Amino acid sequence: RAKELGRSRFVFYQEEMTERVQRDAELAHMLGSAGFFEQLYMVYQPQFDCESGELVGFEALLRWLHPEQGLISPMIFIPIAEKRGMIDGIGLWVAQHVCIEVGRWLEQGLNFRTVSFNLSPVQLRNEEGIQNLLSLLKDSGTALHHFEVEITESACMDASEDTLKLLESYVNQGLKLAIDDFGTGFSSMVALRQLSACRLKIDRSFIRDMLHDANDEMIVKATIALAHSLGLEVVAEGVESEEQLNVLQKQGCDIAQGYFLGYPMKQQDAMSFLRILGDKSYISASVDRDAI
Ligand code: C2E
Ligand code: MG
Ligand code: MG
Ligand code: MG
């Protein structure tokens, strides 16, 4: 009987695997099809200064809206794009669109500090790709200090010495660098030592559990202290409630981002948001739920 159970479980597992492999293959095919890039767009999630309540900038996040399959999460399709050698093209597309949008906002006299976007670990393994992306930012005509790239701790481990040096040379010219999902990698301290980062983004999981788990609260507190002692700004990701925000403010967190403060918004909405909040100083719970 145990054997039978074991076997049925195995069959179930096997079916699940086959389904996943098929789904991945289907997605890979969709990624490679003509029109893919026209199905992409960026959304922009606001970030606020915890103390003044001022809107300081946005994180740009990629969205894929497939005509039949609907919205597909970057958590699903980025890993497949990475495996299929498509991430460099996608990464460049992202940088290009962020450049255009940031240029447009500045042209309109809108007031913000930075717009950040994510670099994949696989992208960071290709020095030439990173070189192209950084040149694109530099040649865009927008001052580099308006851009921030987010990389995870493990991505930093994977990147070559030369790539990190290249990145660093851009940081010296004003580009901002954030360590994303801080606390979830194996190499937190190594990343801090190797990079001239400007910001640490505390991973959402710590913020989520902070109010109920004393350990997580201590980790958040210690991370803020560590970052500050290294001269880095701290961004809390995934702030979903006023209570969380209050605790973060008390602990001296610099910047907050999360659904409580604002959902990721399409470019037009982000621009209106900036127009309304750019000059005023307050944190407001926001609007557009559709754009998530
Ligand atoms: P990330 O860089 O850590 O981005 C933050 C994620 O948390 C985003 O998910 C955002 O929508 C979500 N989020 C923000 N506030 C809250 C909140 O209060 N609660 C919850 N539960 N979630 C919140 P998203 O947009 O689905 O992106 C997921 C991940 O996909 C990103 O994590 C990033 O690693 C990757 N990604 C997104 N866009 C890009 C891109 O343009 N290039 C690359 N390489 N990766 C991207
Ligand atoms: Mg990020
Ligand atoms: Mg993150
Ligand atoms: Mg994350």
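Modeller: Let us begin with Phe117: leaving out residues up to four places away in sequence, Phe117 touches Ala60, Val94, Ala95, Val98, Leu133, Leu137, Glu148, Val149 and Glu150. Please bear in mind that this is a predicted model.

Colleague: What makes each of these a contact of Phe117?

Modeller: The term contact requires heavy atoms within 4.5 Å. Ala60 and Leu133 are among the residues that Phe117 touches in this sense.

Colleague: Which residues touch the most other members of the largest nonpolar core?

Modeller: They are Trp105 and Phe117, in a core of 85 residues. Helix 3, residues 87–107, gives the most to this core, with 9 residues.

Colleague: Why is Ser116 called buried?

Modeller: Its relative accessible area is 0%, and buried means under 20%; Ser116 is therefore buried. Ser116 lies in strand 4. Apart from neighbours within four places in sequence, Ser116 is in contact with Gln47, Phe58, Glu59, Ala60, Glu148 and Glu150.

Colleague: What makes the pairing of the side chains of Ser116 and Glu150 a polar contact?

Modeller: The two side chains are joined at 2.8 Å, and the cut-off for a pair of N or O atoms is 3.5 Å. Glu150 has a relative accessibility of 1% and so counts as buried.

Colleague: Which atoms coordinate the magnesium ion (ligand 2), and how do you know that they are donors?

Modeller: The magnesium ion (ligand 2) is coordinated by Glu59 (OE), Asn118 (OD1), Glu150 (OE) and Asp180 (OD), at 2.0 to 2.3 Å. A donor must lie within 2.8 Å of the metal, so the atoms at 2.0 to 2.3 Å qualify. Along the sequence, the donor residues are spaced E-x58-N-x31-E-x29-D. Glu150 belongs to strand 5 (residues 147–152) and Asp180 to strand 6 (residues 176–182), so this pair ties together parts that are 30 residues apart in sequence.

Colleague: What coordinates the magnesium ion (ligand 3)?

Modeller: Asp180 (OD), Asp181 (OD), Glu237 (OE) and Glu237 (OE) coordinate the magnesium ion (ligand 3), at 1.9 to 2.6 Å. These values also fall within the 2.8 Å cut-off for a donor. The spacing of the donors along the chain is D-D-x55-E.

Colleague: Which residue bridges the magnesium ion (ligand 2) and the magnesium ion (ligand 3)?

Modeller: Asp180 bridges the two ions, which lie 3.8 Å apart.

Colleague: Why is Asp180 called buried, and why is Asp181 called partly exposed?

Modeller: Asp180 has 7% relative accessibility and therefore counts as buried, the limit being under 20%. Asp181 has 24%; partly exposed covers values between the buried limit and the exposed limit of over 50%, so Asp181 counts as partly exposed.

Colleague: What surrounds ligand 1?

Modeller: 21 residues surround ligand 1, and the closest are Arg63, Asn118, Arg204, Glu240 and Tyr259. A polar side-chain atom of Glu240 lies 2.5 Å from a nitrogen atom of ligand 1. For Arg63, a polar side-chain atom is 2.9 Å from an oxygen atom of ligand 1. An N or O atom in the side chain of Gln45 lies 3.0 Å from a nitrogen atom of ligand 1. Taken alone, ligand 1 exposes 810 Å², and the protein buries 86% of that.

Colleague: Why is Ser120 called buried?

Modeller: The relative accessible area of Ser120 is 7%, under the 20% limit, and Ser120 is therefore buried. Ser120 lies in the loop between strand 4 (114–118) and helix 4 (121–124). Beyond its neighbours within four places in sequence, Ser120 is in contact with Glu82 and Ile87.

Colleague: What makes Ala225 partly exposed?

Modeller: Ala225 has 47% relative accessibility; exposed would require over 50% and buried under 20%, so Ala225 counts as partly exposed. Ala225 is placed in helix 10, residues 214–229.

Colleague: How many helices and strands are there in the protein chain?

Modeller: The protein chain has 12 helices and 10 strands. Buried residues make up 48% of its 292 residues.

Terms used:
Residues are numbered from 1 along each chain as its sequence is written. Chains are lettered from A and ligands numbered from 1 in the order in which they are written. This is a predicted model: local features need pLDDT of at least 70, side-chain atom pairs count only at pLDDT 80 or more; totals for chains, interfaces and linings use all residues. Side-chain values use heavy atoms; hydrogens and water are left out. Donors are N, O and S atoms within 2.8 Å of the metal (3.2 Å for Na, K and Ca); water is not among the atoms, so sites may look incomplete. Buried means under 20% relative accessible area, exposed over 50%, partly exposed in between (1.4 Å probe, protein chains only). Helices (H or I, at least four residues) and strands (E, at least two) are DSSP runs, numbered from the N terminus. A nonpolar core is a set of buried Ala, Val, Leu, Ile, Met, Phe, Trp, Tyr and Cys residues joined through side-chain atoms within 4.5 Å. A residue is near a molecule or strand if one of its heavy atoms lies within 4 Å of it. A polar contact is a pair of N or O atoms within 3.5 Å; within protein, one must be able to donate a hydrogen and the other to accept it, and residues adjacent in sequence count only if both atoms are side-chain atoms. Accessible areas come from the Shrake-Rupley method with a 1.4 Å probe; for residues, only the protein chains shown count as cover.
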